[in-house]
Amino acid sequence: MCRCLKKFFFCRLYHTTPLGGSIGQTLPPSPLYILLIGTIHPFRKTHRSIFGKLLQEFRLVASDRRSWRILLFGTLNLLCTGCLLMWCSSTNSMALTAYTYLTIFDLFSLITCLISSWVTMKKPSQVYSFGFERLEVLAVFASTVLVQLGALFILKESVERFMEQPEVHTGRLLVGTFVALFFNLLTLLSVRNKPFAFVSEAASSSWLQEHVADLSRSLCGIIPGLSSVLLPRMNPFVLINVAGALSLCITYMLIEINNYNAVDTASAVAIALMTFGTMYPMSVYSGKVLLQTTPSHIIGQLDKLLREVSTLDGVLEVRNEHFWTVGFGSLAGSAHVRIRRDANEQLVLAHVTNRLLPLVSTLTVQIFKDDWTRPLLTGALTSSSPAAPLGSAEGYSSLSSSLPPLLLSPGSELDPLTSTPSKLSSPPPEFSFDTPGRNVQPMVLPAPGHQAQRPYGGLGLAYGAPPYAGMLGQGLARPGGGLGLGVQGLGAGFGLGMAGSSVPSSQSYRTAFSGSTAPLRFGTSNLLAPQSQYRQYRP
Amino acid sequence: MEDKYSSNVLSGGKLGMVEVPDSRLTRYIVLLVISKVLKALGIFESYDILKVVHIVQFIFILKLGSAVILLFFQKPFSSGKVISKRQWIKLLKHAVFSCVISLLGFFGLTLCGPLRTLLLFEHSDVVVIALLGVLFTNSGGGPSKTRGAAFFIIAVICLLLFDNDDLMAKMAEHPEGHHDSALTHFLYTAIAFLGVADHKGGVVLLVASLCLKVGFHTASRKLSVEIGGAKRLYALDNLVSAMVLLPWVIVLSPTTESKVESWSSLVLPFGMIIFSVMILEFYVEAICCAKMETPRCARYGAIALFLSALLLANFWTHPLTDQLRSIGKPPQQVSTEHVLSGGVLVSAIFFIMSSSILSSPSKKGQKGTLVGYSPEGTPLYNFMGDALQHTSQSLPRFIKDSLKQILEEYDSRQIFYFLCLNLAFTFVELFYGVWTNSLGLISDGFHMLFDCSALVLGLFAALMTRWKATRIFSYGYGRVEILSGFINGLFLMVIAFFVFMESVTRLLDPPNINTDMLTPVSVGGLLVNLVGICAFSHAHSHGGKSCSSQDHGHSHHGHGHGGHGHSHGSGGGGMNANMRGVFLHVLADTLGSVGVIISTILIRQFGWLIADPICSLFIATLIFLSVIPLLKDACEVLLLRTPPEHEKDLNSALEKIEKIEGVLSYRDPHFWRHSANMIAGTIHLQIMSDVVEQRIIQQVTAILKDAGVNNLSVQVEKEAYFQHMSGLSTGFQEVLAMTQQMESMKYLNDGTRIM
């Protein structure tokens, strides 16, 4: 074991030296370092290429003028941190150390900012197929967790100090406090930190924020003018910086006046607890993103959409739904939709996708049918229908022109022979693909039913009936246009009849299916095995 | 319905309780304030009297006197219904309890003086119940109540820690064995056993008896209804408790010699105390509670009481004691005890603030979720969650259940046993450190405790991993252990960083180290950690779950156990990230112990003080380097990288998919490792219009399953899909995009393949 370690150590040592030259020396284990190692695999190739790669990425980021500012503030912050750490050891104050960690956190947040500007320049690669947006989230998570671990360390040290309180020199205490406060606020207010701004907005408020909000609510009752500054809730970073500085001032006063050295430890504990309180909601939020969870604020909206989806005609259930956030904000998801055996997969897919796509940008919907191998029809018709051209527009026109619409009405009254349970008790579908008698109007496809029974009017999912009609209208307006859609029901019989025979030759597939797929789309009313979903429309 | 919701939610003052303006209640407020001032006076006096009168006698006299007066006023026997035998028994119990509480209260008074007693003991029930509600239930009623509770606790802590109340003098004054009675002797020994000074013991005692008092008041409410009113109960209670105390007093009076010279001079003070403490306060409180709301009554009462107590403590010059003592003994340094100190002042301010916050009526800021708007435009809220959360199980049962869960699985069992071992070692170290008063041991113990937090994290993650999938965690909780591995890696980074900094400062200025205690402790720690290493590397070969790390030649675990050999082959047999994190932690600890042992030897043998910082520098580097692979792997998983160990398989699978009959192309292939044993994937396929989708799905699923993907979604698209989509989409851009896709597909259909 020991030998292994040694070998490991030495071979690594060689590789890390160049890295140390670039950032390893200047920064302590920073998230950037960790993350870049995570993404670039520095140890696999020769060190020159790592160095070169790192430099290349750095140049890429530095090419943007905005990141110069971040770099400038980063160096300022480093200077300030170094100064503060020296003062910490000279004053021997735990509270100042705890406050210095907030400055280090600012450094982390600047690095996160750099990462976020790097991320925007990067395209998804083959192995990172979702892109690098998550790096932002990871950086936020890592920096908040690191600060909390620092606070934990402070707590541990403070417990040890409670037993034997060393003396605290107040000489540099106040100077250090104000220098740190000034630089922190400067960094916070002058650098626009997109990821942290987002997280601090989106995460639930910390206890510190809640108390301040509670106090300021009563304060605004007296002075209403303050409400614009204080009210909804304050920026957590500004809040913790100010509160930490305040507690350090109190410490200074008490030590100067009464020589209570224990106050220093107590205020270190207080600052550590405030750090925990401030950072915890943010790390929970970003951790939940990393854990691929459904964001809870989306759930209501998502449920509404899924309910809508499950009321689409032909949809039996939606299952295995996974929705999660890729980066901050963009949702990804997948779902399995089980549909009736005779429903048209592509149409359902299109409608489901259309519903969910405004909310979920990276969406995968798997359509699922029960025993699709079993033939839908008992007697396979020998297809005499012409091998229809592929386009659905052509499909509509040719079929609707070749088949008489009269075939429809008897079909819907035949005894059902269902393979899947019908939705009798369910509310009427928002639009039905094939309601006999409704589709008499030629041009507007599912639009009438849709507009009549749509409960969610203003959801922003405006289902564009006119363009739909317009697009397909081109096809339908041709010769036979103007006849009902239900007509195509017959086509389904052909198609599935062929599927039942399951001839493996692709040629036969092609002929059979190309004729039938277009009708299948609306093909729910075939003659021989009509489905029960028409019951509710039966006169 | 809607009214109810909105009145609950809108916490503005208009819809809440209507408060009567103060001007109409001035009479009652003045009365309350006067009674409270008198009560403070009475307590101060009784403190002085208690110095000469035995506590049991004192309480007996108090109860008897107030019983006589109350009998005269209330006439409990002649009015009201007859009290049954069972009620008498209840009354007896009640009286015994009230005796115990007043004994405790007045004993606390003798211990920590009147001012502190008033601050601690005289809180109204409303305040204490609100405090307990904040501390022990989640629905405390908003942040302001939490603040009040925090103030209360700070005030108590101020009294405990920052109030130097002539401790040494008091300690010297109480050599054990000189107490008046068995009871006080027992209490004194109990407090001395706790190892705190008398007045601190008094503070603890008073807080405990305050809680008892509130519980007692709440419990006696039912009895007071049965008996027929609180006043009647109070009168009867005083009578019965006087009778309960009577035998004790009779036994006591001959056995102890009385310090009182003349009882006659005490009649007036006793009368004053009985009047102000027992009678007046009771009646005034009853009236005020009837006329005002209880919270407001409590607020004004507390402020008046505390302020008058502060004033009295400043000006009280023990006239009575001096007068009494001047008869017997020469006056002592009495006036210096229980004086005002900074701590008491601060805590009094905090007590006043906390009681005013806690007793203010809680504005119902209930947490509701907005469900929508009513037709009139007022918001509607849903309060389901809060009510549902309250059906939690009891604590022992929860512990038992989680223990059972922990012991079920191998990983968590290992962590749990090791945690127990570690904790045991830590506590032995801590106790030994306290015993021998060695600071080094204690601080090392705390360091161990700090390290245990990583183990606890690992244990919790191992437990959580097995939770069932929920709506929010739709894939299940398996990913938690990767996150926990990541956090543990960061933890180790932080530790390495601190060790590094520490050793750099020591390198510049090597301190003198006392090596006496170091060796046994570090050897003990080494043994414990070696056990851990054995356990966890054993777990390593047992783990069974496929490893999130790959490519082991490169990502080095730092230990040469058999796991490496077969992890190349099947892709399994490694540890999950969580266990790796825990293992690395234990490894780092072991390295620390080894380093300490080596540096101790070097320092002892050669006197190289610099060996210690160099050793720790080396260890810090080692920890840092050993943690990098873990962090890298965890990062890759968290960033949704295509799992590297499956990369080749997946590429060939994709090639195979392209060759399936009827498949034109694929787009957006995403494959990522979700947790140790789940690789998820999504892919979109474009197929020819004449192919059955389900068949393609089946084939693709089978192919990808072979490649290791076990949670797959395949979206199969035909040309018709794009037509529908372009029909359904509203924006021009989308239509354009869809048509383009459709065109390209048509192009593909013609037989010329682009991809």
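Is B:C635 buried or exposed? B:C635 is buried, with a relative accessible area of 1%; buried stands for under 20% relative accessible area, exposed for over 50%, and partly exposed for what lies in between, with a 1.4 Å probe and protein chains only. B:C211, by contrast, is partly exposed at 35%. Over all chains, a search of the whole structure finds 0 disulfides, a disulfide being a pair of cysteine sulfur atoms within 2.5 Å.

The structure is a predicted model, in which local features need pLDDT of at least 70 and side-chain atom pairs count only at pLDDT 80 or more, whereas totals for chains, interfaces and linings use all residues. Residues are numbered from 1 along each chain as its sequence is written, chains are lettered from A and ligands numbered from 1 in the order in which they are written, and side-chain values use heavy atoms, with hydrogens and water left out.

**Chain B overall**

Chain B holds 27 helices and 5 strands; these are DSSP runs numbered from the N terminus, helices being H or I of at least four residues and strands E of at least two. Of the 755 residues in chain B, 52% are buried. Among contacts in chain B with a separation of 6 or more, 79% join residues 24 or more positions apart, where contact means heavy atoms within 4.5 Å. The chain exposes about 35100 Å², and carbon and sulfur atoms supply 66% of that area; the areas come from the Shrake-Rupley method with a 1.4 Å probe, and for residues only the protein chains shown count as cover.

**Helix packing**

Two packed helices are described by the angle between their axes and the distance between the axes. The axes are lines fitted to C-alpha atoms, for helices over the stretch in contact, and angles run from 0 to 180 degrees between N-to-C directions.

| Helix pair | Angle | Axis distance |
|---|---|---|
| α5(A) (residues 94–121) and α11(A) (residues 236–258) | about 160 degrees | 10 Å |
| α22(B) (residues 577–606) and α23(B) (residues 611–638) | about 170 degrees | 9 Å |

α5(A) and α11(A) are therefore roughly antiparallel to each other, a class for angles over 145 degrees, with under 35 counted as roughly parallel, 65 to 115 as roughly perpendicular and the rest as oblique. Their contact involves residues including A:Y99 and A:F105 of α5(A) and A:F237 and A:L248 of α11(A). α22(B) and α23(B) are likewise roughly antiparallel. Among the residues making that contact are B:R580 and B:L591 of α22(B) and B:C615 and B:D633 of α23(B).

**Individual residues in chain A**

Most residues other than glycine have a negative phi. A:N92, however, has a positive phi near 65 degrees. This residue is found in the loop between α4 (65–91) and α5 of chain A, and A:N92 is partly exposed at 27% relative accessibility. A:N320 also has a positive phi, near 50 degrees; A:N320 lies in strand β1 (residues 315–325) of chain A and is partly exposed, with a relative accessible area of 41%.

A:R69 belongs to helix α4 of chain A and is partly exposed at 46%. Between A:R69 and A:V191 the separation is 122 residues in sequence and 7.7 Å in space, C-alpha to C-alpha.

A:T265, in helix α12 (residues 262–290) of chain A, is buried at 0% relative accessibility. Not counting residues up to four places away in sequence, A:T265 touches A:S158, A:R161, A:F162 and A:Q165.
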